[in-house]
Amino acid sequence: MNKTGAQIFWECLEREGVDVIFGYPGGATLPIYDALVTSKIHHVLVRHEQGASHMADGYARASGRVGVALATSGPGATNLITGIATALMDSSPVVFITGQVSSPLIGYDAFQETDVTGITLPITKHNYLITDAKDIAPTIREAFFLAKSGRPGPVLIDITKDAQQATIDWEYDDKPAHLPGYRPDFRPANTEFERAVEMIHNAKKPLILAGHGILISGAMEEVLEFAERTQTPVADTLLGLGAFPGSHSLSLGMMGMHGEAWVNKAIQEADLLLAFGMRFDDRVTGKISHYAPKAKKIHIEIDPSEINKNVQVDIALVGDLKETLQKLLPSIKTVDHTEWLEEINTMKGHSAVRDIKNLPDNGHLYAAHVINALWQVTKGEAIIVSDVGQNQMWTAQYYRHDQPNTSITSGGLGTMGFGLPGGIGAKFAMPDKEVWVIAGDGGIQMTQAELSTIAQEGIKVNIAILNNGYLGMVRQWQEFFYDKRYSATPMKGPDFVKIADAHDLTGLHVDSRDQVIDAIEAARKNPGTVLIDFKVEKEDSVYPMVPTGAAIDAMIRRPLPESVIQES
Amino acid sequence: MRHTFVALVEDKTGVLNRVVSVFRRRTFNIESLTVGRTHQEGISRITIVVDSDKTDVVRIMPYMYKLINVLQVEDLTYQPHVNRDLAMVKITATPENRAAIMQLAEVFRARVVDVTNNSLIIEITGDEEKIDGFVDVLRPYGIIEMVRTGIIAMERGTSTLINNMGESQNYELPIEFKMA
């Protein structure tokens with residue numbers, strides 16, 4: 001049947017199961033947008049292509065399906081860059097589509113021409129330039145397969161305008177993707193399994209490091225089974241939150257730079273680390289030479305290039321985590337580690353006393369109160385999309401996730417402005433779930449224009465702004481390491497309630513502790529999007545904190561209040 | 001120490017750029033790079049030489065494998081292999097010293113491929129040391145231009161990169177690349 005490249009494009013996306021796409025039209029995507037009219041796919045018109053990129057990413061992370069973002073050539077494509085890099089760092093399956101100038105014009109500095117495949121080469125898992133309509137279908141097939149399989153990641157397809165316009169005789173066929181050099185399905189050797197089992201059974205102080213790979217692989221049940229049978233405590237990476245139930249007695253919570261001090265201490269004391277789908281990021285290890293010196297390390301990871309990259313391991317099992325654990329579990333015996341669990345318990349010390357939410361009420365509103373209240377009111381069941389900075393760390397510390405894929409945040413790249421569009425994407429992926437965006441007053445302003453997208457789409461995303469009038473995380477570093485010289489961190493924001501109002505959304509001000517729960521309840525009851533501007537303590541810091549370059553158990557702690565010091 | 005990596009890649013636009021980017025991004029230093037077709041349609045072969053003092057060589061193979069278009073990579077450094085470099089040297093040659101130069105070329109089994117009244121182009125193949133040695137003896141005569149291909153390398157014996165591909169990766173070779 002005769003079809004244009006643009007028609008083929010939409011049919012292929014439908015065949016891949018795409019139901020929603022986030023985009024912004026332009027000259028080089030006019031044919032694609034013309035053919036959209038007859039497609040079943042819902043198109044969300046964003047206000048900036050960066051918004052589209054994070055929405056597709058948020059959609060992918062909340063659902064586990066491939067997210068799709070569409071932009072025009074030149075500036076449209078370059079506006080996607082931040083979102084592509086974000087998706088790569090966090091292994092998020094997103095297909096990015098960009099229009100390109102007609103093929104005879106490529107390389108002639110045509111209007112809105114840019115070398116998109118060149119620019120995105122180091123920040124995509126793979127990318128394509130299509131100049132011929134007949135390549136559209138097989139390339140989309142390959143792109144979706146690449147994005148989703150193995151270690152997921154962003155794939156970009158740049159399609160010239162003439163390829164979109166050309167009419168060819170075409171029928172859909174479901175030939176599998178042909179990628180002779182791509183090997184996503186590694187399997188560990190049996191001999192390694194035997195060594196690993198022995199090491200696990202011999203361990204006295206084992207500890208599981210739970211990473212994003214658990215969620216991607218869908219290995220939650222296997223990890224739970226493993227942890228319970230071997231009585232091994234579980235510490236999470238930032239992106240691993242939700243991979244293991246946060247309220248489980250074996251759950252230690254987050255590790256690393258802003259993890260609990262006793263969790264990091266436990267890692268340093270452990271004699272066996274079981275790294276499940278994580279990559280020993282510098283925010284997790286602190287100073288590598290001082291990291292877990294007493295521990296043997298078993299790394300289960302799908303990406304061979306992560307093995308021995310940051311931390312030298314004793315055994316590497318390269319393969320899909322779920323499959324590998326399923327193969328490992330039958331040989332794992334029930335073990336008792338009461339002594340070790342008790343030892344970890346004693347490491348807690350004053351931690352609970354230092355916790356801001358337990359400190360005597362001094363009339364001030366702290367961010368921790370907000371997140372803690374949000375966790376209680378939503379019973380830990382909401383999808384929480386945080387931005388980057390202090391708000392992100394407080395969210396990670398105080399919102400406990402029992403469900404997988406409910407904690408969404410930009411971890412590796414640390415992209416400010418991710419929160420709001422990420423939350424919109426998550427809502428489209430899970431329309432029946434309650435979605436909360438948590439952002440600082442800095443990050444929300446980076447992608448604030450997407451409030452318009454919310455208004456136009458008529459969706460409900462709750463937004464909590466932790467407003468302290470500072471770029472808080474940078475301010476905190478300036479306080480600790482630059483003698484409190486607050487260079488370019490104080491920030492005068494707009495009246496966010498008026499901003500909400502201007503978008504026909506509801507805005508609420510909260511500036512005291514006793515209003516927090518009421519405001520959260522009110523936001524949940526409201527059928528539309530509600531933005532709450534929480535005026536929190538201006539110069540509060542995220543504790544504990546590992547200074548960069550220090551060992552992870554050398555932490556800066558929240559100072560104990562006088563009253564507590566006198567008592568003890 | 002110098003390491004010689006050999007890679008089979010899909011013969012497609014931009015693949016060399018992807019391979020080189022792996023090195024550029026991590027500030028690895030490439031000493032020598034050659035690319036050419038193989039006897040199998042659709043497959044190109046790349047030989048890359050790096051210095052392990054400047055480059056974290058153990059990272060290269062996993063990073064190369066991350067590239068979708070890379071079919072096989074091997075480090076030939078510790079395997080018996082043959083490596084060759086080809087150079088063309090243009091040199092000033094007067095009728096008086098021409099014979100002496102040509103005699104030197106013969107000793108090195110080099111070939112004269114162009115002669116004019118006052119110049120010669122000499123072609124030489126061999127391992128790097130041999131070529132370096134030849135260039136050194138020519139230097140006093142006045143080298144005016146020189147070009148080298150960079151190193152190409154091949155494993156000795158019957159084992160080939162294509163065969164090793166299936167074994168080392170526990171991986172079924174795509175039909176079109178299977179040996180007849």
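Tutor: Two residues count as in contact here if their C-beta atoms, placed from the backbone, lie within 7 Å. Keep in mind that this is a predicted model.

Start with the contact between the chains. Chain B gives 18 residues to it and chain A gives 12 residues. On the side of chain B that touches chain A, helix 1 (15–25), helix 2 (60–66) and strand 4 (70–75) each give two or more residues. By class, that side of chain B has nine nonpolar, five polar and four charged residues.

Now the sheet. In chain B, four strands form an open sheet in the order 2-3-1-4, with antiparallel pairing. Strand 2 (30–37) and strand 4 of chain B stand at the edges. Each has a single partner strand, so one side of each is left without a neighbour in the sheet. From one strand to the next, the twist averages 15°.

Helix 1 of chain B packs on this sheet. Helix 1 touches strand 1, strand 2 and strand 3 (43–51) of chain B. The direction of helix 1 makes about 145° with that of strand 1 of chain B.

Look next at strand 4 and its partner. Strand 1 (residues 2–10) and strand 4 of chain B run antiparallel, joined by five bridges. Ala7(B) has Val73(B), in strand 4 of chain B, as its bridge partner.

How values were computed
Residues numbered from 1 in each chain as written. Chains lettered and ligands numbered in written order. Predicted model: local features only at pLDDT ≥ 70, side-chain atom pairs only at ≥ 80, totals over all residues. Nonpolar A, V, L, I, M, F, W, Y, C, P; charged D, E, K, R; others polar. Pairing = 2+ DSSP bridges. Axes fitted to C-alpha atoms, helices over the stretch in contact; angles between N-to-C directions.
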